[in-house]
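Please keep the sequence and the structure in view while reading.

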Amino acid sequence: VAGIAAFRGSDLPKPRLLLDWIVLDGSDALPKYRQLYFQLRSAIVSGRLTAGSLLPSSRMLSQELGVSRNTVLNAYEQLAAEGYLESSVGSATSVAPRLAASARQHAVEEEVGSIGSQRAQRFMRSVALSLTLPDNVAFTPGVPAFDEFPRKVWSRLVAEQSNRMQPEIADNDMHVGGYGPLRESLALYLRSARMVMCEPAQIFIVSSARAGLDIISRLVADADAAAIMEDPGYNTARDVMHAVGFQVIPIPVDAEGLRIDVADQLAPRAQLAFVTPSHQWPTGVSLSAQRRKELLEWTERVGAWIVEDDYDSEFHFASRPLATLQGLDGGRRVFYTGTFSKVLFPSLRVAYVVVPGPFVELFRRAVFISGQEPALHIQAALAEFIDQGFFSRHIRRMRSLYARRQALLVDALIESAGDSFPVERPAGGMQMALSLPQRYPAMAVTQTAARAGLHVRSIEMYALSNPAPNALHLGFAAVPDGEIRPAAEALVSAILAAR
Ligand SMILES: Cc1ncc(COP(=O)(O)O)c(C=O)c1O
């Protein structure tokens, strides 16, 4: 605002930005206002658009882009509501001052933004957002309790396995697709704990759930095919499918999970459905038994494949997790993915995909070509960790730890919030969605909370094109017990201040 006042006083008009790099893709399933919003947000977050720069008026930009004025207004309004842009009545819209990015990141963005293929430009338009992760403070979602990991046992197993320089550990080509004993241990675990129907040969060990999704996406359909996913949903899954060339069609989620009726209308020819049925990311809703049945019938009818991302099913303390889609379907149309990023720790880089029988040989070749396999001695250490009972012991301990941390958080929130807003007690997981009354906008809370040293996300940050519930996404698993209450009290103050 100071910048605008200065320019008025000096009568030297500040130039409005030329946004020639914005490309709105008419064939993309995301509405144009949403594409515009993401591209501008990414440019602001990365520092390509600096604080105080003046944006073109909505009329100018709509003419330049050949879109309706409402498209531009919608994007500008959303960015203003989130604090990325500023405008006051009668004055121009400018980039808000608070988000100055480092010069280095700016330079990298500039360089990368102008090189490479069309696919590279797609990466730049969406993926940059996911790379701007903040520090690991209360309440970053998705982070496990590092302090409670059995480090000593793990280091011993890794040391033992890396000392075994026999061919089956030292020669990668002996275990394309995964270390045999680990695939066997996982098959036992998945059959008994998750009712996944699988043989060890169907299990592929990859370096992350997203690597698994990348490989699946390349195998089930060709470029320009349509994929559906939950909205709000796991943005990285969208980025992966989008980068592979899919039209990603966002489907709204309600209290029973993915709206299959909407999928039926919007995506009659989809070839892939990405879902998190155990504990929808980020709303926490569990896909109801009826919807599970409808989803399987829908995929059968349209000929689509399902990716069932079961990223944190181990941590459902109140209720037994529902049967997996994979188990319900007998593993015919479902690729089941799991990751050790949540249940152990993210930098481990071990995840797995259970593929339908006919895909086994294809997948073996695809994993080989991708090179997305974790180190064999790590896989071997993990197999020992499971076989010697440390894995199930760790799950049990983390279940009760996370249940306790969640209870501490919810109790503290209920007490601090008093009559201001109700707090519901969720069923489990490592993070929870906290619904807020409309008078406390979740996006504004992310700002007031940041000033108090807290990191919270708004569910809106995971929205693709449908309106998201007014709620916060709070991770509690990694917050030490003693820090939960003060952080929860600070959060409630931040919520009340965001009014
Ligand atoms: C829904 C969901 N699935 C999967 C993952 C991570 O899997 P990976 O680290 O194995 O790619 C995450 C991580 O944040 C997630 O939120």
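Contact here means heavy atoms within 4.5 Å. With that definition, 73% of the contacts in the protein with a separation of 6 or more are between residues 24 or more positions apart. The model is a predicted one. The protein has 499 residues, of which 53% are buried, and its secondary structure consists of 20 helices and 13 strands.

Confidence comes next. The mean pLDDT of the protein is 88, and 70 or more is reached by 90% of its residues. Two stretches call for separate mention. Over residues 99–104 the pLDDT stays under 50, and the model has six contacts for this stretch beyond four places in sequence. Residues 128–133 also have a pLDDT below 50; there the model has 11 contacts beyond near neighbours in sequence.

What does the interior contain? The largest nonpolar core has 73 residues. Within this core, Phe-340 and Leu-491 touch the most other members. Helix H18, residues 390–417, provides the largest share of the core, with 11 residues. The surroundings of Phe-340 can be followed residue by residue. Leaving aside residues up to four places away in sequence, Phe-340 touches Leu-186, Phe-345, Leu-348, Val-350, Ala-351, Tyr-352, Leu-382, Ile-386 and Phe-391. Another core, of 52 residues, lies apart from the largest one; Phe-204, Ala-225, Phe-246 and Val-355 are among its members.

The next topic is empty space. Rolling a probe the size of a water molecule over the atoms shows where such space is left. The second largest pocket holds about 750 Å³ of space. Its lining is made up of 37 residues, and those nearest the centre of the pocket are Thr-283, Gly-284, Val-285, Glu-424 and Ala-433. Strand S5 (247–254) and strand S11 (431–435) each supply at least two residues of this lining. Which of the elements gives the most to the lining of the second largest pocket? That is S11, with five residues. By class, the lining of this pocket divides into 20 nonpolar, 11 polar and six charged residues.

Cavities are a separate matter. The structure holds three of 30 Å³ or more. The second largest cavity has a volume of about 60 Å³. Its lining consists of Ala-209, Arg-210, Leu-213, Tyr-234, Thr-236, Ala-237, Val-240, Phe-274, Val-307, Asp-309 and Thr-337. Two or more of these residues come from each of helix H10 (209–220), helix H11 (235–244) and strand S8 (305–309). The lining of the second largest cavity has seven nonpolar, two polar and two charged residues.

The backbone remains. Most residues other than glycine have a negative phi, and most peptide bonds are trans. Where are the cis bonds listed here? Another cis peptide bond joins Trp-281 and Pro-282, with omega about 15 degrees. The loop that holds Pro-282 runs between strand S7 (270–275) and H13.

Positive phi values come next. Met-195, a residue other than glycine, has a positive phi near 50 degrees. Met-195 sits in the loop between helix H9 (180–194) and strand S3 (203–206). Is Met-195 buried, partly exposed or exposed? Met-195 counts as partly exposed because its relative accessibility is 47%, and the class of exposed residues begins over 50%. Phi of Arg-349 is also positive, near 60 degrees. Arg-349 is found in the loop between helix H15 (340–343) and strand S10 (351–354). With a relative accessible area of 28%, Arg-349 is partly exposed.

Helix H13, residues 289–302, contains Glu-294. Glu-294 has a relative accessible area of 25%, so this residue is partly exposed; buried would require under 20%. Glu-294 and Arg-259 are 35 residues apart along the chain, and their C-alpha atoms are separated by 9.6 Å.

Definitions and conventions:
Residues numbered from 1 in each chain as written. Predicted model: local features only at pLDDT ≥ 70, side-chain atom pairs only at ≥ 80, totals over all residues. Heavy atoms only, no water. pLDDT = per-residue confidence, 0-100. Core = buried A, V, L, I, M, F, W, Y, C linked by side-chain atoms within 4.5 Å. Buried < 20%, exposed > 50% of the residue type's maximum accessible area, 1.4 Å probe, protein only. Helix = DSSP H or I, 4+ residues; strand = E, 2+ residues; numbered from the N terminus. 1 Å grid on protein atoms, 1.4 Å probe; cavity = no way out; pocket = protein on both sides within 12 Å on 5 of 7 lines; lining within 4 Å. Points joined across faces, edges and corners; volume = space filled by probe spheres on them. Nonpolar A, V, L, I, M, F, W, Y, C, P; charged D, E, K, R; others polar.
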